[in-house]
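Me: I have a two-chain model open and would like to go through it with you, a bit at a time. Can you take my questions as they come?

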Amino acid sequence: MAMLELRELTKNFGHLVAVNGVDLSVEEGEIRGLIGPNGSGKTTMFNLISGFLTPTRGRIFFRGEDITNLPPHLVAKRGLVRTFQLTALFREMTALQNVIMACHLHTGLGLFQQYFRNAGTRLREKEIAKKALALLDSMGIADKRDEITGDMPHGHQCALGIANALATEPKMILLDEPVGGMNPTETKEIMDRIKRVRDRGVTVLLVEHDMKAVMTTCEKVTCINFGNKIAEGTPQEICSHQDVIDAYLGGGTNACSV
Amino acid sequence: MRRAGHGVGLVILAVILGGLPFVVTKYQVDILITLLINVILVVSFRLITTTGRWSLAHIPMMGAGAYATALMTGTLGIPFWVSLPLSGLVAALVALVMSYPLARTKGFAFFIASFAAGEALRLCWTRFKIPFGGHKGLTDISIPVLVPGVPALDFSKAIPYYFLALAVTIACLALMYRLDRSRIGDTWKAIESHDDLAKSLGINITRYNMLAFVIGSAFAGIAGVMQAHRLWAVVPAQYGFVTTLYLLVWVVFGGTHTFFGAVIGVVILTILRELLMPLFEWVPMIFGTIIILTLIFLPSGLEGLPERLSWLRKMKIRISFGEVPEVQPERIKQGAASPAE
């Protein structure tokens, strides 16, 4: 059974067709890349899958369950969580406070327990803090735990964005440009960490313009243009696909020569 | 060291609060009572603002508490001590009904929608003569009685009522402070910080917004109860937009980042207003000027002052969150553990 399955997913904004009948199936344990020119509908697809937008037509299945019209917090509860372009963070909080907040779904604390903080609650809060710190560590930013995240450098913010997503204990994460604006060293580090996340059993779907990062990380790549799926296959197949070259990669490119 | 400093500060504050009513005039004691009630009002208002929503229904919610206690103690003969929490509950219930549509709006839409909802509530009081008494309101509000015949507990007098109001204010502030520092308070601040991120992390933001609105309104209701039993009258005009404007002025002047910012705002502006009493006609104009100057030079209110003054810049005031438990990183063992460590 596919982890995530889109059936004829369509989204219209007025007369504009942002996503046009896209079928997509992501298997468990995969790292799937989603590429396409700006405005081709990649982020709209993310917003549809994660429940921030409702599709005009088509259905979305996650682990066999229809999640088409669920609000975002319930999609997250089912184990499908997304990150945002340009990294969304609770900018006034420290890195550790961010991840502690992101553990919301798995605190095991009701409102009354959160208010009347008895010994059990305090113990649980400490466990949550430990888990949050371990997540920061897994993204390589444990030493930045007490920095206000709004003041952190871009690379660390991106890493924290992923740590926040992982705190929800997802089965699948959608990463929207996880290495946008990073230098090659940072890109490689984040991509390696994304691979490790997958190795721990989390399926990954990522949108990225850095073709080298996509080609070295993803096992399979889907390319969309004007809301239509134009190609799907291994990175090698995508690189040599004439429609992809015409629409996105450009002629005579060596973006794929890795 | 710091703890000792806090202790000394608390003792000084207690002496001031305890001694003040005995050294000022009777009129000024009533000003102090109003100030205490307004402190509950601004702190509960600030509680709702932590989700990023400025409720213009807050003063009508205060009215809901006042009307509830007026009807309970006056018409039904329920004792004050029962009607105090019950009236807070009534305000909470009214807020709960309103919050179903309101919690789904944000920013300017919430501002306007909450104003409309509050005004609708206020108009109910003027239109329905039974049981709300129309424009004239309700007047037969009972005086709180604890033990009949003890003069120190005769709450019809200003000084005993001051201490009653002080006790209620401290209790309300303690309850709200605890909430502010709990995970619930942090979740509210997270929603204000980035509501889409909060949603994507599985936080049901509608539910949390409703919770903040309901709890904040309940405390506004309590403030209304305390006001009604001092004024012995409830009229709809008290809960009109002018009162709301004063509330906004206090909160904008004080700031909403920290728990006590707005409290300092209301205290300073109340004192200022009393000092300006000889210039009575000028007060609205002076307050207007203060607000404009605050918004230009201190957009985050008095809390932004340390940042403005170079010699105080180190104590820049940020939004305060609950405490993070002390944790040490546990090295994740990779492969064989090295015996050297």
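Me: Is A:Phe226 buried, exposed or partly exposed?
Reply: In this predicted model, A:Phe226 counts as partly exposed because 16 other C-beta atoms lie within 10 Å, whereas a buried residue would need 20 or more.

Me: And where does A:Phe226 sit in the chain?
Reply: A:Phe226 belongs to the loop between β9 (220-225) and β10 (228-233) of chain A, and its phi is positive, about 50 degrees, although the residue is not a glycine. Most residues other than glycine have a negative phi.

Me: Which other residue of chain A has a positive phi without being a glycine?
Reply: A:Arg63 has a positive phi of about 50 degrees, and that residue lies in the loop between β4 (57-62) and β5 (65-66) of chain A. A:Arg63 is partly exposed, since 17 other C-beta atoms are found within 10 Å.

Me: Okay, what sheet are β4 and β5 of chain A part of?
Reply: They belong to an open sheet of 4 strands in chain A, ordered β2-β1-β4-β5 and paired in the antiparallel sense. The edges are taken by β2 (16-26) and β5 of chain A, and because each has a single partner strand, one side of each is left without a neighbour in the sheet.

Me: Which way do β7 and β8 of chain A pair, parallel or antiparallel?
Reply: Strand β7 (residues 172-176) of chain A and strand β8 (residues 203-207) of chain A pair in the parallel sense, over 5 bridges, and A:Leu175 has A:Leu206 of β8(A) as its bridge partner.

Me: Switching to the interface, how many residues of each chain are in contact?
Reply: There are 27 residues of chain B in contact with 36 residues of chain A. On the chain B side, α7 (158-181), α8 and α9 (195-200) each supply at least two residues, and α8(B) gives the most, with 6 residues. That side of chain B has 13 nonpolar, 7 polar and 7 charged residues.

Me: How does α8(B) cross α10(B)?
Reply: Helix α8 (residues 183-193) of chain B and helix α10 (residues 205-231) of chain B have axes that come within 10 Å and cross at roughly 115 degrees. The contact involves B:Thr187, B:Trp188 and B:Ile191 of α8(B), which meet B:Ile205, B:Tyr208, B:Asn209 and B:Ala212 of α10(B), and by class these residues are 5 nonpolar, 2 polar and no charged.

Me: Last one, where is confidence in chain A lowest?
Reply: It is lowest in helix α10 (residues 242-249) of chain A, at a mean of 77, and highest in helix α2 (residues 72-77) of chain A, at 94. Chain A averages a pLDDT of 87, and 97% of the residues score at least 70.

Methods:
Residues numbered from 1 in each chain as written. Chains lettered and ligands numbered in written order. Predicted model: local features only at pLDDT ≥ 70, side-chain atom pairs only at ≥ 80, totals over all residues. Axes fitted to C-alpha atoms, helices over the stretch in contact; angles between N-to-C directions. Contact = placed C-beta atoms within 7 Å. Nonpolar A, V, L, I, M, F, W, Y, C, P; charged D, E, K, R; others polar. pLDDT = per-residue confidence, 0-100. Buried ≥ 20, exposed ≤ 12 C-beta atoms within 10 Å, placed from the backbone. Pairing = 2+ DSSP bridges.
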